[in-house]
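Student: I am new to this one. Could you pick a single part and take me through it closely?

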Amino acid sequence: MKHVIVLPDGAADEPAPQLGGRTPLEAAEIPHINWIAAHGRQGRAVTVPSGFTPGTDVATLSLFGYDPARFYTGRAPLEAAARRLTASDDQLIFRCNFVTIEDGRMADFTADHIAQGDADRLIADLNELFGDDPCTFHPGVSYRNLMLASNAAQMKLACQPPHDIPGRPVADHPPQGVGAGRIIAIMDRAATMLAGHPVNRARIKAGKKPATHIWLWGQGRPTSLESFEQRFGPRGAVITGVDIIRGLAVCMGMKLIEVEGATGYLDTDYAGKGKAAVAALNQYDLVVVHVEAPDEAGHEGDLRKKIEALERIDALIVGPLLEAARRHDAWRIMVAPDHPTPCTTRAHSSVPPPFCYAGSDIEAGAGLPFGELNAQATRDLVDPGHDLMDQFMARH
Ligand SMILES: [Zn+2]
């Protein structure tokens, strides 16, 4: 049987007055996704168990059938896996953002989307600065870098994600717990170097915000997952533009298919992803396409952009995949956002997002188009959400 999963990140939302009380999913022209919902099963899934932060990492782990309470070790370890970085048991992996702090406040958690060359040079200089210290810095994409701390077996920390404290005083959100002093000392020492760094002097001259600090967070031990193939049968191939999903794919033992133009942003190459996914379906019995764009639109609070992203996903990814899947005798296709990113709050929420799936052996549903309200009306709630994959992959 051929299985297809499309993950429109953060696509779920709330009713908006500007849309006549509809959500972006309900307002968008998404005939293929609506067909799937109408001709199959539509419901909601508890993707973020209580006690967890509603991040893409936790929610997507649930969607792939892994209980976050058992398998989630942090965000940074997944990004490290995406870059094939390995860590030992006494090491803790941190996300290391370059950020701009002005007047003691978090002015920009991206350091003005710092250019790759600038970030790479700063990472190299940090490694030189900390040559005598048991920590190493590893370049990623722009402001998203990693730090590995050694001799960290005893560390037990709570660190603040910088994107959740825009404009707020950073002194109110220091790392806390066992080992916090060491992490704060690393951040302070880095700030001293960054203060007079030529890269920052050039950035200020060019009218860009400087990378005044590093911000360490998202820490965890290496993630180890039982392979998806062992759990569910097919190995699977994944197409995505972001490192968290790449890392999950690596940890699940899935094949990563890189598509040129998959940016992890609103300008991603939807058609390129759709074409690559259709081609992959000939070779793999499970193909997953993740699209970050609806989440980005939610963070920007832009309903129009969110609708546009959903319509492109429907026309250029779901449509071609549905057509390709139906050429096979046995097939199933699922569309499932990981969590809501409402345009009103511009932040992730733990509200169970809707999902829908249809297939050659799935009985036609209630005929309702896809949407938050219709999914709720079916009273079909998958709780815990990690049971959904069992049901979607189950042989009938
Ligand atoms: Zn997400």
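Tutor: Start with contacts (heavy atoms within 4.5 Å). Of those in the protein between residues at least 6 apart in sequence, 74% join residues at least 24 apart. This is a predicted model: local features need pLDDT of at least 70, side-chain atom pairs count only at pLDDT 80 or more, and totals for chains, interfaces and linings use all residues. Residues are numbered from 1 along each chain as its sequence is written, and side-chain values use heavy atoms, without hydrogens and water.

The protein has 15 helices and 15 strands (DSSP runs of H or I, at least four residues, and of E, at least two, numbered from the N terminus). Its C-alpha atoms fill a box of roughly 65 × 45 × 35 Å along the principal axes. Of its 396 residues, 56% are buried (under 20% relative accessible area, 1.4 Å probe, protein chains only).

For another packing site, turn to helices H6 (residues 116-129) and H8 (residues 198-205). Their axes lie 10 Å apart, at an angle of about 155°. H6 and H8 are therefore roughly antiparallel (over 145 degrees). Asp-118, Arg-121 and Leu-122 of H6 meet Pro-198, Val-199 and Arg-203 of H8. That contact has three nonpolar, three charged and no polar residues.

Key:
Axes are lines fitted to C-alpha atoms, for helices over the stretch in contact, and angles run from 0 to 180 degrees between N-to-C directions. Angles under 35 degrees count as roughly parallel, over 145 as roughly antiparallel, 65 to 115 as roughly perpendicular and the rest as oblique. Ala, Val, Leu, Ile, Met, Phe, Trp, Tyr, Cys and Pro count as nonpolar, Asp, Glu, Lys and Arg as charged, and the others, Gly among them, as polar. Buried means under 20% relative accessible area, exposed over 50%, partly exposed in between (1.4 Å probe, protein chains only).
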